[in-house]
Amino acid sequence: MSRLIYRKIVNGFMLFLTGVCTLVTVLVLFLILGFLIYNGGKSIDWNFLTKLPLPPGEPGGGLANAIVGSAVMVGLAALIGLPVGFLGGIYLAEFGGKSFAFAVRYMADLLNGVPSIVIGIFAWGVAVKPMHGYSALAGAFALSLMLVPISLRTTEQFMLTVPRALREGALALGAPKWKVISTVVVPAAMKGILTGMILGVARAAGECAPLLFTALNNNFWARRLTEPTAALPVMIYRRAIAPYDDWHRQAWAAGLVLIAMVLITNITARYILSRGISVQKG
Amino acid sequence: MSAPAILANKSGRTRRWHGLQTGDEVAHFVTFLFAASVLFVTAFLVWELWIQSAESRAKFGFHFLATSDWDPVLGQFGALPFIYGTVLTSVLALIISIPLAVGAAIFLAELAPPSLSSACTFLVELLAAIPSVIYGLLALFTVVPLMRNYAEPFLKKTLGFLPFFQGPAIGVGYLAASVVLAVMTFPFIIAISRESLMEVPRDQREAAMALGATRWESTFQVVVPYARLGILGSIFLGLARALGETMAVTMVIGNDPAMHASFFAPGYTIAAVIANEFAEAGTSLHTSALIEMGLVLFSVTIVVNALARLLVIATSRKGTAQSQ
């Protein structure tokens, strides 16, 4: 009998422990958010959002150029990377042969797992070295490389959830395949695809490593796409490791802006996804 | 294959050699180009890393991986301290995160009611969405002081007889980096372990229960072994992430290109040295050496990632075969 009691105690204890594990991991998220909101909230003000950075030692100033720089580079990256992945994803879902599609899928997953710093080196070799200068274009190129696999896999995944009957119905009406894809399948899967793309863009917006030596940094407004450009994540890094209290304050504020953007997009996108994709079964 | 697909194939085959005539062929061809561009870009990436690191590879050969001098001024470059730092921090991170993350995955897959499980999974996914530079920011201002003032003195007092827990407690170093990496690998391990645990067929659990096993015994001796490949895959994915993680590590590793036995000591990782020195590299040899480090990092993460994907694919195949 004591054996049974022992087993029951072990059972209860271990199950309790797994609950504690979960609590710890979830708690970490709330600790992170709490610290950011506390420290960032103290530091964020109107100057931060509208002014240029000041030299070290002078209090005040902001990171307006970094906010704009991030927006420009992420926007450009989305313009390049998302359509490439989208069209590739259509191929995988609608035309793909077996082994070629498998190779592309596998490569996309590997590309997705390549450390972002290595993507940065690649972008440097392709877009910085030949052009003899750091630029927003190079930064956008690096970010777009991270978006391609995400966009490709999302597109494929959601197009495959579109029921076969929908395609066959349209084909039976005499529509050619490209018309079926563009007017039936893609619209049906669009909600999911867009959500996945938005999540990908949010991830790219937080990337710092690929920008370190492609877009570099800039304390002033970048007037052209071929100039070094400031980005929010890079600014957070530079400010955080510098020895000035006022810069630390700005790093926290920038962190709060970045995390707010990332979390809002994530929560909205996942909320839309959880409401279901608007595909009619049948 | 369904009837329309066969029809489309047939018309494609007869017309293939007459150029692109119908919309379908154009669509097929264009989307094919974009899908192939993924293969092309990956190949180009490898080629670029290989070509750009030629100078360093020619000068140092395989000694690059086995020597520990890192002196940009004298032009001496050896990758060993960085490889050591990368491996040490990643392994330590996994030692911290595996029990926690697998425990959490078991709780979410086996015990928690569905609503709690999906809520927690959502929160864990948000953890994955946090940019790494934010992890670095927090680590620099919270984890590092905690390490310096509490964790490291405590470890020194209790386990100080081991060489790993000796030396001055300065906060930044291998241990701080490992703690941050551990947190960053949580979401990967939890999400995929949970999925593979949930794919375990119900009969397995019921059979164990029917034999009189307690819930924990059924979980630990039947369900977890059944899902072991998927869990292993998730750990490999976490490892790949930890090996390549840049910003968070760069901010707390301490940037010391030397090898220390002590976990408290400052070190360096491959990704961190690239992040710190690449833009300021003075000589082409320096740049080339950094790119060769990138090549090393790339190869290692590719291998680890490929293993992880294969493991995950294997388990999901097994899962679907069982459920049919």
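User: How many salt bridges are there between chain A and chain B?

Analyst: A salt bridge is a side-chain nitrogen of Lys or Arg within 4 Å of a carboxyl oxygen of Asp or Glu. Between chain A and chain B the count is 2 salt bridges, and over all chains it comes to 12. Keep in mind that this is a predicted model, where local features need pLDDT of at least 70, side-chain atom pairs count only at pLDDT 80 or more, and totals for chains, interfaces and linings use all residues. As for bookkeeping, residues are numbered from 1 along each chain as its sequence is written, chains are lettered from A and ligands numbered from 1 in the order in which they are written, and side-chain values use heavy atoms, with hydrogens and water left out.

User: Which residue of chain A does E217(B) meet in a salt bridge?

Analyst: That's R7(A), at 2.8 Å from N to O. E217(B) sits in helix α10 (residues 215–226) of chain B and R7(A) in helix α1 (residues 2–43) of chain A, so the pair joins two chains. Helices here are DSSP runs (H or I, at least four residues), numbered from the N terminus.

User: Are E217(B) and R7(A) buried or exposed?

Analyst: Buried means under 20% relative accessible area, exposed over 50%, and partly exposed in between (1.4 Å probe, protein chains only). Both E217(B) and R7(A) are buried.

User: What does E125(B) pair with?

Analyst: E125(B) forms a salt bridge with R270(A), and the closest N and O atoms are 2.5 Å apart. This pair also crosses between chains, from helix α6 (residues 114–129) of chain B to helix α10 (residues 245–274) of chain A. E125(B) is partly exposed, with a relative accessible area of 31%.
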